[in-house]
Structures are given as structure tokens and as C-alpha cells.
Amino acid sequence: MNPFQKNESKETLFLPVSTEEVPPQSSNFPKKPSPKICGSNYPLSIVFIVVNEFCERFSYYGMKAVLTLYFLYYLNWSEDSSASVYHAFSSLCYFTPILGAAIADSWLGKFKVLSMVGLSLIALGTGGIKPCVAAFGGDQFEEKHAEERTRYFSVFYLSINAGSLISTFVTPMLRGDVQCFGKDCYALAFGVPGVLMLIALVVFAMGSKLYRKPPPEGNILNQVVKCIWFAISSRFKNRSGDNPKREHWLDWAAEKYPKQLIMDVKALTGVLFLYIPLPMFWALFDQQGSRWTLQATRMNGNLGFFVLQPDQIQVLSPFLIVIFIPLFDLVIYRLVSKCGINFTSLRKMTVGMILACLGFAVAAAVEIKINEMATRQPNSQEIFLQVLNLADDEVKVTVLGDENNTLLAESIKSFQNMPHYSKLHLKTKSQNFHFQLKYHNVSVYTEHPVEEKMWYTLIIREDGESISSMMVKDEENKTTNGKTAMRFVNTLHEEVSVSLGTDASLIVAEDYGVSAYRTVQRGEYPVVHCRTKNEDFSLNLGLLDFGTAYLFVITNRTNQGPQAWKMEYIPANKMSIAWQLPQYALVTAGEVMFSVTGLEFSYSQAPSSMKSVVQAAWLLTIAFGNIIVLIVAQFSGLAQWAEFIFFSCLMLVVCLIFSIMGYYYVPLKPGDVQGSADKQTPQIQGNMINLETKKTRL
């Protein structure tokens, strides 16, 4: 028997001919069938691929989970800048796969790119890993096990989200619950995913001898580009009516390029054309890590049995995927099939788009409700003012002006907790306000300058037998980051150093000194250590809730030592973070129907010589989706709820377009891209080498 025939695969890849000819390459597939898992038809090699993907995704999603808040809190960027850079980074991660795919299909092969480039060079690693790993796993299956291969893509996606689930939950804990140099430990949050990437490299290398390694096809991308260019040029040159029409525009390349290459390029362009509307889905999906995380910072993460940090809410997506994938595969799809509905891949993807559209509509409704419950902001020629009476008796405050308005109808009692700020109107952008303070039988007149759109606290203090006042600007009291903001007023005659367990101690000057703001995590603070020049003492600050701004007055009015009087002047976030569950459930269900199906669809519709290229094109749609978000975030100028509605409407329009395109798309069968082609194969007879023309399934 001819030794070349003995080891021939049923999926022998075509070799380019004509002017683009490439020397034949020896097959790297194992001579014997690869070992199976527990007697099933699943190759043992995919265990190493799936575990590798789990570790790699842990690294990637763990880093992304804390990235937005790292920009926002650690680098002190704005929300728009944080969201924009987040999506720019995500976009870059999904642009580089086209480079990795070109190297894999044309030069080194999927295995070498995945191990040598993807996992060794982290900067470009995602470009080497993403287009190769899914296709490389599909290559491990023989054609007769196509059903198992389809199920593999669900398992593969499960491994992605299992890694994402654990990392999205753990890395925010490493960031927030561990202190590094007195601050949130971003070094540990980024370091642990780095270690998991190293483990991914080791696990993947362990399975090297078990892998089926289809050889690269030469510079296939170059051939594709040249074939398309030649077809367009020929069609343009022969546009006169004298030449007979051809069935497809690519048939104009038949004079120079082999029939099989033209067939493969037809399959490729058909799939790529169908990909045009897909970026819009990813534009919505990837906002879970940016806009939805920022939305969570203005919600209450206390679930009763557990407290969720704003960046931990992203754990819902992989958690729901782990539940939804078996639910859809084993229950929903089977029920739909029994009802006689032909639920094709493109129909599943269309339904996924609709679910994402509904998810953003729900997100807009949640955003509107948050805004209704949030503290109003002063407009032009307005200020918000509250009065803090630290004297030992009640004081009546009157604002003197044209209308001689009374600020409060009743007198302000000593250490009275004010329920809200009062709104005052200005005649210009800045002006002086005159106040009359009635204390016992004494009237005190004071004057303080103010500026529009600001928050102020008028602090009334004892001054011998009389009183005086000081105006404090509350310019940093917007606690939209989900943390707790606090400041201190020190009525003692000594400077106080307050240790909050984060970074450097907070210094509060003596005799009604007012400290700067400090933000801390939500939680109980029963013992906060303080120190003066002569003594050490502790303060009980109690529960500091999500998004609340507190003012603590350090007093010594009893024989029990210094104590802290607590005033809440920005109320806690009242809307539970659990209200984000419906939007996450809808988008995640859409992801299962769109992304898992899209991965398998991309592999099945790709020519055998271009599996990685098509996977890279699929990932490229994610890159363009992030660019859409970046552009909208920078230039739309819309309120957040309006931006969510805008994306929801865009998704609906794109869904309709995709439905029409999918209706006219003819799915390719294996025979369409694996037809017969003439191929010259060397045949050894003794010491003679003859060339024999034979038919080979592609």
C-alpha cells in the first residue's frame, strides 16, 4: 500500500497551484487515532485546551473586572475617559487576532502560535490565542464526530465563563479587601491573573503530544487578497457585453487561480458579509464592564446575606452563562425542535440580538429610577446650603436680601441633624450672602461669598458669650463611586490625627478645623483610632453605607472622653444592586444564543484552510463593537439613560437588517467547501517517484 495513502486525512487541505504554488507540507496529525475521554468520542487533547482556556480567561477577565475602577479611582480619570479607554483596550484585544490568524494559517500553524506567541508574549498574546484556540479545539475532532464537535463549542464557552466567573468574583476582593501600601491592592488584583496565564502555558504544553496539528497552508491570506483583486480587475476589464456573464463575481479569477481556492474565497466572503451587522451586539454586550459597572456604583450592594462591590456585579454574566448553556442545549433547544421549529444558527443569533435590545431597555429604566432617587444638583445661579449648629442652644438663621427670606421656618437646635439642603437663588454667578443669626437675645450679622452650582455648609460655633459662623464648601460630596465619603470637624483645642486604616492619617486642625474628604469602603467602623498631642482615643463611627456622605463632629461634651457626632448629609444609595439582575439575565441569554452559536457557525462555515482567519474575523466584530461604544461615549453628550435607549434602538434596527441578510444566506455544507480538486501527489515505487493525479476530498 502506498504510504502516502495510508496516513491520508479525509480533510486533506488543498495546495495552491499556478503562480502561487507552495511546496507540499507533511502532515502533523498523529498516525493513530487520538485517545478518547472515558471511551467517548471526545479526544483527550481537548481537556488540555479547555483547561488552558479556563486559565487564560481567568487572567483576561480578572484583569478587566477591575480595570474601569482602576482608571476611575486610582488614576482619577473621569467616567467617560475610564469607559473610553476600557473599550479602546478591549477593541485592541480583538483587533490583534487578525494578525495571529494570519501567522497561524499561513506560517507556524495554530499550535505554535497558541503556545509560542500567544502565551509567551502577553502584549500580543490575546491576538495569538483568540483566533486559534477555538478552531484548534475543533481540529481535534474527526469529521465523523461532527455532533460531538458542535457540543464541544458549548463546553469550550463554559470553560471561558467558568474562568471569568471565578476571576470576576475574586479579583475585586483582592483589590478591595487587601491593602497594598495603604491603598486598594491593584498590584495583587493584576498579579494573580498573571500567574494564571503562566499556568495556562504549562497546561497547554503538557498536552502537546496528543494534539492533532493540521499544517499551515502557506500564505493563504495573501492568496485570498490576490484572488479577490484579480477577480475584480478582470470583471472591470471585461465589463463589455461581449463576454459571457458568470455565475459569481469571483469566477472572473478562474483564468489564474484554482477552482478550489475560488470556492473557498466564495465561502469566506459570504461569511464575512454576514458579519457586517454583528459589531452592534458586542457594543451592547461589552458595556457590562464599563457603563453597567458605573451604574452599579450608584446602587446599594447590600444583599442581606452578602455585600457586592460594584465591579463584582459583573460576576452575574459568567454565572448565568454556566447555568444557561446546559439549560439551552439540553432543554430549550430540544423543546423548540419537538415543536417542529427549525431553529437554525442564524435564527438563534437573531433572537440573541433581540434579547440584548431588551436588556438595554431595562438598563435605561433602572438608570431613570436611580436618577429619580439621587440627590438633585444645583443649576445655574443656584446653590445648596445647609446649616450646622454646633452652639449649645438653638439658633434662628435668616438670609438677608431683597425679599428678606427666612431660610428655615423654625430655629435650628443644637447639633440638629438637618434633613436636606436648602436651595438659594443667586443674582449672578457669584455673590455675597448676608445672614442674621439670632442666639439667645443676641443678633449676629455675617457675610459669606458663594459661587453658583456649589454645595455649602454654614457652621455656627460658639465664640465666648456669642456665636460666629464659617462657610465650608462641600465641593467633593458627590459620592457617585459607590464608596463612603466623610469629613471631620474638630471642636477640641488640640489637633487630631484620625487613622482610617487606608493611607496616611487624616489631620483635623484644632478649634473647629475642617478636614478634607476621605473615601472608604462600606462597612462597620466601631473602633477608629485617633490621637492628639496628649492622648490617644477611639471613635465609634458605626455603619458607613454605600454612596453616603457623612460629617463627623469630634466633641468632648461629656465625661466619657471625645466622641463623634454623626450627620448624614448625602443619603445612602437606596436602590438595590439586585435590580440589575434582569438586564444581566437578558443580555446573558442573548450572549448564549448569539456568541456560542456564532463560534460554531464560524467554524462550520469556514473553508478548512481558513478556520483561524474566520475565527479572527468573528473576533474582529467585537473590536468594532468596542469602537462604537468609544465613539458614542466621547461624542454623544447624551444622558446615561438616553444613551442606553439609543443603543437599544440601534440594536433593534441592526437586528432587522441581520434578519433580512440571514434569510437570503445559504448555509454551506461540508461538501460545498470540501469539493474535489485535482492534486498531484508523489507516489513512491521502489527508487522512482511518479506523479499521480487523484481526486481528494477537501
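**A short tour of the model**

Start by selecting Y74, L75, W77 and V85, which make a nonpolar surface patch of about 320 Å². Patches join nonpolar side chains (Val, Leu, Ile, Met, Phe, Trp, Tyr) within 5 Å, or like charges within 9 Å, from residues with over 30% relative accessible area and no salt bridge; areas come from the Shrake-Rupley method with a 1.4 Å probe. This is a predicted model, where local features need pLDDT of at least 70, side-chain atom pairs count only at pLDDT 80 or more, and totals for chains, interfaces and linings use all residues. Residues are numbered from 1 along each chain, and side-chain values use heavy atoms, leaving out hydrogens and water.

Stay with V85, in helix 4 (residues 79-95); helices here are DSSP runs of H or I, at least four residues, and strands are E runs of at least two. V85 is partly exposed because its relative accessibility is 31% (buried is under 20%, exposed over 50%, partly exposed in between).

Next, pick E643 and R291, a salt bridge with closest N and O atoms 3.3 Å apart (a Lys or Arg side-chain nitrogen within 4 Å of an Asp or Glu carboxyl oxygen). The pair links helix 18 (residues 640-664) to helix 13 (residues 291-296), 352 residues apart. E643 is buried at 2%, and R291 is buried at 5%.

Now try R487 and D474, whose closest N and O atoms are 2.8 Å apart in another salt bridge. R487 sits in strand 10 (residues 484-490), and D474 in the loop between strand 9 and strand 10.

Finish at G340, which follows helix 14 and has a positive phi, near 80°.

Terms used:
Buried < 20%, exposed > 50% of the residue type's maximum accessible area, 1.4 Å probe, protein only.
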